[in-house]
Amino acid sequence: MGGVNAAGRSSGHQAFRRTVLDALPQDDQAQTLIGLAAMMQLILRQEDGSWRDRQGDRVEADEIVSRYRQTILERTLIRRIEASLFDVEGIPANRASRLQFDTPLVFKVRRRQLPQPVPADWRVREIDGRQVEVSVPPGSLDVLFPERRAALVRAAGQLPSGFEPGALYRSVHHPRGLSMAVFGASDCLGQSGLDWATLRDSLDPDQIAVYAGNSIGQLDDQGWGGLLKSYVSGGRATSKQMPLGYGQMPADFLNAYVLGSVGPTGAIQGACATFLYNLRLGVEDIRSGRRRVVMVGTSDAPITPEIIEGFRTMGALADDDSLKALDALTLLTDADYQRACRPFARNCGFTIAEASQFLLLMDDGLALETGAQILGSVPGVFTNADGWKRSISAPGIGNYITLGKAVALAREILGERAVRERSFLHAHATSTPKNRITESHVLDEIARANDITAWPVAGIKTFVGHSQGSAAGDQLASALGSFAYGLIPGLPYLDAVADDVHGERLRLFRDPLPFEADAAFINSKGFGGNNATGVVLSPRTTERLLAKRHGQAALEAWKQRRETVMAASDRYCQRADAADFDVIYRFGHDVLEGPELDIDRHRIHIPGYARAVSLDVDNPFGHLDDDAPQGES
């Protein structure tokens with residue numbers, strides 16, 4: 001896995017460690033803080049291996065932890081929106097007004113700034129080659145007055161301060177979400193410890209797929225956001241804004257600039273469940289035998305004034321006035337913004353966030369053959385709609401079906417006792433009053449149906465916010481961290497469970513919970529009735545299944561091959577902890593347009609790919625002999 005969110009990098013479980021920091025041993029805390037300090041450009045790694053601060057002075061590891069700990073805690077996770085994204089005190093805007101005047105209005109303006117066409121009743125006199133004088137007869141005139149508006153929502157789950165993914169490669173006018181996708185996929189490949197070229201050459205290119213996207217496209221100024229407001233803002237559209245705004249563009253970027261994949265590709269948009277929708281595509285492709293390797297992921301960068309205002313007007317976000325009312329405050333401090341997201345407690349709305357999350361999926365035979373690390377396994381993902389609805393954004397019944405199916409699958413694989421005693425939930429947990437009621441009822445009812453009495457519930461959005469289509473990716477990355485460290489992140493701002501939460505059979509807790517799990521359930525409830533639940537099995541459980549299926553000898557051989565892969569992965573994570581990121585971006589690399597291909601009726605050989613693409617296809621429909629006379633078969 002790889003990626004980044006408000007807690008840090010996904011690789012090496014850095015982001016997970018940030019969410020359970022105080023429950024970790026001192027060495028793990030130090031590793032986490034030093035890695036984040038480097039990522040945030042607070043310290044710089046030198047060629048001799050020493051650390052230097054921004055002033056160039058040498059600083060030792062223990063000093064880094066003591067000096068920068070508080071800064072790191074304050075500039076990661078949910079916090080006040082920083083100026084690098086936009087100025088919450090003065091968002092550029094225009095105020096529509098109508099001027100009324102009884103005498104001619106005379107003003108000077110540059111010729112190229114005149115409206116086109118010039119109104120018929122305007123008198124225009126040329127002053128010089130560049131400037132004109134305009135006289136408008138008495139009456140009225142519609143104008144836009146520029147202004148600066150204060151943001152009504154000032155909390156968000158932003159990437160760690162100082163980390164700019166677009167600065168790590170030649171990103172020319174790339175939307176932020178696509179720069180995050182390039183980083184996330186590169187981080188995933190680095191953490192895997194596998195050589196991508198070697199892996200690709202061992203397979204038919206059509207056995208590799210990429211399913212990646214996001215929930216609302218790229219809506220910052222470099223994407224559709226800039227395109228859609230270009231006319232009204234007086235700007236110009238660029239040739240890149242239209243294509244780079246599409247929601248499937250993360251997959252397109254991975255194919256074209258990171259992986260060089262020619263296999264199946266695409267993206268499903270499912271609102272907040274988008275990550276799980278794409279994960280389902282990858283899982284089903286591998287289960288069917290059509291693909292052997294699939295990269296799955298999402299990348300969302302929705303922290304823009306316009307998107308925030310859209311969600312705010314729906315009443316979905318925790319805005320400043322609501323947060324003040326919630327805690328009877330007159331002013332909000334930075335510490336108050338950090339507490340903005342409170343799943344299952346008294347709350348007032350979700351906190352928007354940005355994140356990029358990617359997984360590398362393999363079939364079990366190939367994983368054993370390559371010595372791949374096994375962080376977990378996904379036996380199934382279930383999606384269901386809500387049926388008839390009143391409000392399109394309101395929750396419905398589909399989530400009962402998805403979670404019920406997910407638990408049924410886990411019960412069939414693991415047995416009833418394992419599900420009751422060694423599974424936990426990663427709830428959608430948006431921190432809206434409506435979600436705390438409806439989702440807790442889903443969780444509690446499914447627990448009751450399966451005789452679960454105290455189901456541990458994690459709500460990772462309390463730390464990293466709601467990254468829209470990437471939210472379930474944040475949840476899944478956290479679940480993999482729980483498998484690795486035996487800890488489930490708590491709900492630190494759960495001062496008390498809200499009275500309307502259905503929690504009779506749920507275990508809601510504030511501090512990280514020591515827990516050895518066999519399985520986790522990743523739950524999503526998206527606007528429009530996009531519900532999804534995925535089952536994730538722990539590495540230990542997965543290895544037991546592999547031994548049963550392939551034999552213990554195959555498992556021992558895999559463990560030997562894994563040593564080399566793990567060593568490569570460890571080297572990558574050590575470099576990444578020093579902010580030495582190996583971001584892959586190959587623009588114009590080995591571009592092919594068609595004439596270079598070697599084609600016959602059974603296969604297409606592509607220069608640069610070791611194996612040809614087979615054109616042999618499955619035909620389940622039967623065969624008609626077109627040489628037989630009509631009327632015969």
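These are my notebook entries on a predicted model, with the things I looked up in it.

**Entry 1: the whole protein**

I began with the overall make-up. The protein has 21 helices and 27 strands. Its radius of gyration came out at 27 Å, close to the 26 Å that the globule rule gives for 633 residues, so I noted the protein as being as compact as a globular protein of that length. Along the principal axes, the C-alpha atoms fill a box of roughly 95 × 75 × 65 Å.

How much of the protein is buried? I found that buried residues make up 51% of the 633. I also looked up the sequence separation of the contacts: of those with a separation of 6 or more, 76% are between residues 24 or more positions apart.

**Entry 2: the six-stranded sheet**

Next I followed an open sheet of six strands, and I wrote down the order β2-β1-β16-β15-β13-β14, with mixed pairing. Which strands stand at the edges? They are β2 (8-9) and β14 (265-266); each has a single partner strand, so one side of each is left without a neighbour in the sheet.

Inside this sheet I picked out β13 (residues 208-213) and β15 (residues 293-300), which pair in the parallel sense over six bridges. For a landmark I took Val-210, whose bridge partner in β15 is Met-295. Helix α10 packs on the sheet, and I saw that this helix touches β13, β14, β15 and β16 (355-362). The direction of α10 makes about 175° with that of β15.

**Entry 3: α10 against α19**

I stayed with α10 and looked at a helix partner. Helix α10 (residues 274-288) packs with helix α19 (residues 471-485) at an angle of about 70°, and their axes are 6 Å apart. Angles of 65 to 115 degrees count as roughly perpendicular, and α10 and α19 are therefore roughly perpendicular to each other.

Which residues make the contact? From α10 I listed Phe-275, Leu-276 and Leu-279, and from α19 Ala-472, Gly-473 and Leu-476. By class, this contact of α10 with α19 has five nonpolar residues, one polar residue and no charged ones.

**Entry 4: strand β17**

Is β17 largely enclosed or open? I found seven of the eight residues of β17 (residues 377-384) buried, so this strand is largely enclosed by the rest of the structure. Strand β17 pairs with β24 (residues 530-537) in the antiparallel sense, over six bridges.

**Entry 5: the three-stranded sheet**

I then turned to an open sheet of three strands, in the order β25-β26-β27, where the pairing is antiparallel. Here β25 (598-599) and β27 (613-614) are the edge strands; each has a single partner strand, so one side of each lacks a neighbour in the sheet. Strand β26 (residues 603-605) and β27 run antiparallel and are joined by two bridges. In that pair I noted Arg-603, with Ser-614 of β27 as its bridge partner.

**Entry 6: Thr-32**

What is Thr-32 in contact with, leaving aside neighbours within four places in sequence? My list has Gln-14, Arg-17, Arg-18, Leu-21 and Leu-24. I also checked Ala-15: Thr-32 is 17 residues from it in sequence and 8.4 Å away in space, C-alpha to C-alpha.

I kept the backbone for last. Most residues other than glycine have a negative phi, and most peptide bonds are trans.

- The peptide bond from Gln-116 to Pro-117 is cis, with omega near -5°. I located Pro-117 in the loop between β8 (105-110) and β9 (123-126).
- Ser-431 is not a glycine, yet its phi is positive, near 85°. I placed Ser-431 in the loop between β18 (423-426) and α17 (433-449). With 1% relative accessibility, Ser-431 counts as buried.
- Asp-451, also not a glycine, has a positive phi of about 60°. This residue lies in the loop between α17 and β19 (455-458). Buried or partly exposed? I have Asp-451 down as partly exposed, with a relative accessible area of 46%.

Methods: Residues are numbered from 1 along each chain as its sequence is written. This is a predicted model: local features need pLDDT of at least 70, side-chain atom pairs count only at pLDDT 80 or more; totals for chains, interfaces and linings use all residues. Side-chain values use heavy atoms; hydrogens and water are left out. Axes are lines fitted to C-alpha atoms, for helices over the stretch in contact, and angles run from 0 to 180 degrees between N-to-C directions. Helices (H or I, at least four residues) and strands (E, at least two) are DSSP runs, numbered from the N terminus. Angles under 35 degrees count as roughly parallel, over 145 as roughly antiparallel, 65 to 115 as roughly perpendicular and the rest as oblique. Contact means heavy atoms within 4.5 Å. Ala, Val, Leu, Ile, Met, Phe, Trp, Tyr, Cys and Pro count as nonpolar, Asp, Glu, Lys and Arg as charged, and the others, Gly among them, as polar. Buried means under 20% relative accessible area, exposed over 50%, partly exposed in between (1.4 Å probe, protein chains only). Two strands pair if DSSP finds at least two bridges between them. The radius of gyration is taken over C-alpha atoms; the globule rule is 2.2 Å times the number of residues to the power 0.38.
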